[in-house]
Amino acid sequence: MSTLQIISAVSIGIGFLCFVIILIDILSGNKQHMMIMNFVWPVTGLYAGPLALVAYFSIGRKLTHKMMYKNPDGKMNMLQKPYWQSVLVGALHCGSGCTLGDIIAESLLLFVPVTLLGSALYGSWLIDFILAFIIGIIFQYYAIKPMKKVSSKQALKAALKADALSLTSWQVGMYGGMAIATFHIFKHHLSANTFLFWFVMQFAMMLGFLTAYPVNWWLIKTGVKEKM
């Protein structure tokens, strides 16, 4: 195994370890007040690694169910987060759906390749986007429905309105990262059955966060998307 493959394997291992640490903490009595965030934070650990741990224990731990209801009278304790933290949580929420979609898509494509314009790379990007979009909207749906207490149809419409642009902006950043690696660094299509591919994907997801963050800032500021 080459040095680069070893570095890739270590990075993926660290991501998985962070996933496990966050998941164990949540299951140990620190479930998030917003149910869907119980999935978001561990998934974030897969690509953000130690940065996800910092974000979870400094921000996510304040949003647990028991923190929300720690008042003696049993009433909800609405904790006020700085605006940038609300945007960060919103972006990570969007990104976790994209991450799961991309993982599922790339895994399926190992068995059922898809080409677009004669290219397996473009075909994989198409399937990545479709699954990332679908799962991202599902994640947003389960954030909106219990929060607003609306019908399923209304929640779905609100989810599409709130996250369509956010999901697209995340995928644009992810594609940018994968394109740089594919066309300029390695100069060939990386296979999803290698550690290197998923190592590159970790960095691509971080770029996705950077492109989605300002979009989420605007969406929340204009009221298109709710604070989380």
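User: Does Leu 117 count as buried or exposed, and why?

Analyst: Let's begin with the idea: buried means under 20% relative accessible area, exposed means over 50%, and partly exposed lies in between (1.4 Å probe, protein chains only). Leu 117 counts as exposed because its relative accessibility is 80%. You will find Leu 117 in the loop between H5 and H6. Helices here are DSSP runs (H or I, at least four residues), numbered from the N terminus.

User: Thanks! What should I know about the model before reading on?

Analyst: This is a predicted model, in which local features need pLDDT of at least 70 and side-chain atom pairs count only at pLDDT 80 or more, while totals for chains, interfaces and linings use all residues. Residues are numbered from 1 along each chain as its sequence is written, and side-chain values use heavy atoms, with hydrogens and water left out.

User: Which residues form a nonpolar patch on the surface with Leu 117?

Analyst: A nonpolar patch joins Val, Leu, Ile, Met, Phe, Trp and Tyr side chains within 5 Å, taking residues with over 30% relative accessible area and no salt bridge. Here the members are Met 35, Phe 39, Leu 116, Leu 117, Tyr 122, Leu 126, Ile 130, Ile 134, Ile 138, Tyr 142 and Phe 183. Together they have about 1000 Å² of accessible area, computed by the Shrake-Rupley method with a 1.4 Å probe. H6 gives the most to this patch, with 6 residues.

User: Now the inside. Which residues touch the most other members of the largest nonpolar core?

Analyst: In soluble globular proteins, nonpolar side chains tend to be buried together. A nonpolar core is a set of buried Ala, Val, Leu, Ile, Met, Phe, Trp, Tyr and Cys residues joined through side-chain atoms within 4.5 Å. In this model the largest one has 58 residues, and Met 37, Trp 41, Trp 170 and Met 178 touch the most other members. Among the elements that give two or more residues to this core are helix H1 (3-27), helix H2 (37-48) and helix H7 (152-185).

User: What does Trp 41 touch?

Analyst: Contact means heavy atoms within 4.5 Å. Not counting residues up to four places away in sequence, Trp 41 touches Ile 22, Ile 26, Gln 32, Ala 55, Tyr 56, Gly 60, Val 89 and Leu 92. Trp 41 is also one of the buried residues of H2.

User: How many residues of H2 are buried, and what do they pack against?

Analyst: H2 is mostly covered, with 10 of its 12 residues buried. Those buried residues pack against H1, H3, H5, H6, H7 and H8. After H2 comes Gly 49, with a positive phi near 55°.

User: How many salt bridges are found in the whole structure?

Analyst: A salt bridge is a side-chain nitrogen of Lys or Arg within 4 Å of a carboxyl oxygen of Asp or Glu. The search finds 2. In one of them, the side chains of Arg 61 and Asp 25 meet at 2.7 Å, N to O. Arg 61 lies in the loop between H3 and helix H4 (65-68) and Asp 25 in helix H1, so the pair ties together parts 36 residues apart in sequence. Arg 61 counts as partly exposed at 31% relative accessibility, whereas Asp 25 counts as buried at 11%.

User: Where does Lys 225 lie, and where is Asp 163?

Analyst: Lys 225 forms a salt bridge with Asp 163, their closest N and O atoms being 2.8 Å apart. Lys 225 lies in the segment after H8 and Asp 163 in helix H7, so this pair ties together parts 62 residues apart in sequence. Lys 225 and Asp 163 are both buried.

Notes: Patches are made of residues with over 30% relative accessible area and no salt bridge: like charges are joined within 9 Å, nonpolar side chains (Val, Leu, Ile, Met, Phe, Trp, Tyr) within 5 Å.
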